[in-house]
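Please have the sequence and the structure open as you read.

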Amino acid sequence: MREIEQRALQAYREHFLEEPLLIASAPGRVNLIGEHTDYNGGFVLPCALDKRVAVAIGLSDHTLFYSADFEETRPLCEKRGGSWADYPSGVVWAMQEQCLALQPVQAAFAGEVPLGSGLSSSAAIEAATAIALDGLFHLEMRKKGLAVLCQHAENAFVGVNSGIMDQYASLLCQAGTALLLDCRSLEATQIPLNLAEAGLALLICDTRVSRELGATGYNERRLACERAAYTLGLKELRDAHLEDLDKHCGEEQKRARHVITENARVLQAVQALHRQDFGAFGRLLSASHRSLREDFEVSTPELDAFVEIALHSSALGARLTGAGFGGCALALVRSEDTGVLLRKVQQSFEARGFTRPECFSFQPASGAEIVK
Ligand code: GLA
């Protein structure tokens, strides 16, 4: 068992004074490329982070959730209450909506995915809850079905109009691979990503400028994309082409250009990974950042600063990852260069008066699983 799963087990024992029936966990995710394409029916390429949310679960008279991180117990909420308990409650709600046979449970959660950083701590708690309930009640749902259910919980219960990427990544990613997901057909393909073998690492910089998706321009960007598709008589921007852009103007044109070029970049990035051409892969990451900064306008001074510093200190590529508006950026770097880059980032952020960032490197880890 991983340390975080031990922590959930310990919390369950201490809090409910018995042994759980099952322990499960699910990771946060880092999207390598393919940003703001999921809700346009396009392509994304996330991988699982090695930081997870774990849950220990058993039966009870009334459903109760305990968080070891917040040190509080909360009952199942009937509707959104604005706390961490909305996520497991949303999953229970979505399962009940599908008339799945559940009984009351007690569950203890422990997490290590930074909150509000764009690393999908919310998808991780949803996925951990879903896979635990699926295992406990022998629902026999496939992981893809659980991902769609978790997205429904996030959209309809929590009230964030997110796409399918985060929940899919948390449930379906595998160690040492990235997941190419066609967000229209939901076809998922594992793409080998053995960075360690190539002497490379992914460095994440959490700018600690935290954002709640609901409170950012996320929903507004989504609406702009829907409008741009409507202008072209399309259901989704996935089907738009560069030649269509002169039918748009202003903001709509910029948003559409990002989505069209970003979808193409994801497919090129997959080709580059198949060829093990990490130089080309890195250049696509950097091009994605420029497009997110200039056309989609979701970057921040901190994210831009990290990308600039990384590219000036021999990173192969760098970009913001996740929705933007704060949160995290990533850089593809030679393993031996990480120490120098880390120091430069810390120094430069301090000199610019930015909040001290949290940086760490990782290798693609495994998706949601039942561990006991
Ligand atoms: C958030 C959403 C995802 C996706 C990204 C942007 O993480 O939850 O569905 O839209 O933003 O790529």
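## Ligand contacts

A polar side-chain atom of Tyr218 sits 2.6 Å from an oxygen atom of the ligand. The model is predicted. His36 places a backbone N or O atom 2.6 Å from a ligand oxygen atom. Gly163 has a polar backbone atom 2.8 Å from an oxygen atom of the ligand.

## H2 against H3

Helix H2 covers residues 86–97, and helix H3 covers residues 121–136. Their axes come within 8 Å and cross at roughly 45 degrees. H2 is therefore oblique to H3. The crossing is right-handed.

H2 contributes Tyr87, Pro88, Val91, Val92 and Met95 to the contact. H3 contributes Ser122, Ile125, Glu126, Thr129, Ala130, Leu133 and Asp134. By class, this contact of H2 with H3 holds 8 nonpolar, 2 polar and 2 charged residues.

## H2 against H4

H2 also packs on H4, at an angle of about 110 degrees with the axes 8 Å apart. This angle makes H2 roughly perpendicular to H4. H2 and H4 cross in a right-handed sense.

On the H2 side, the contact uses Asp86, Tyr87, Ser89, Gly90, Val91, Trp93, Ala94, Met95 and Glu97. On the H4 side are Leu146, Leu149, Cys150, His152, Ala153, Glu154, Ala156, Phe157 and Val158. The contact of H2 with H4 divides into 12 nonpolar, 3 polar and 3 charged residues.

Tyr87, Val91 and Met95 of H2 are among the residues that touch H3. Tyr87, Val91 and Met95 are also among those that touch H4.

## H4 against H5

Helix H4 spans residues 143–158, and helix H5 spans residues 165–172. They pack at about 145 degrees, with 8 Å between their axes. H4 and H5 make a right-handed crossing.

From H4, the contact takes in Lys143, Lys144, Leu146, Ala147, Cys150, Gln151 and Glu154. These meet Gln167, Tyr168, Leu171 and Leu172 of H5. The tally for H4 with H5 is 6 nonpolar, 2 polar and 3 charged residues.

Leu146, Cys150 and Glu154 of H4 take part in the contact with H5.

Conventions. Residues are numbered from 1 along each chain as its sequence is written. This is a predicted model: local features need pLDDT of at least 70, side-chain atom pairs count only at pLDDT 80 or more; totals for chains, interfaces and linings use all residues. Side-chain values use heavy atoms; hydrogens and water are left out. Axes are lines fitted to C-alpha atoms, for helices over the stretch in contact, and angles run from 0 to 180 degrees between N-to-C directions. Helices (H or I, at least four residues) and strands (E, at least two) are DSSP runs, numbered from the N terminus. Angles under 35 degrees count as roughly parallel, over 145 as roughly antiparallel, 65 to 115 as roughly perpendicular and the rest as oblique. A crossing is left-handed if the near helix is turned anticlockwise from the far one by less than a right angle, and right-handed if clockwise. Contact means heavy atoms within 4.5 Å. Ala, Val, Leu, Ile, Met, Phe, Trp, Tyr, Cys and Pro count as nonpolar, Asp, Glu, Lys and Arg as charged, and the others, Gly among them, as polar. A polar contact is a pair of N or O atoms within 3.5 Å; within protein, one must be able to donate a hydrogen and the other to accept it, and residues adjacent in sequence count only if both atoms are side-chain atoms.
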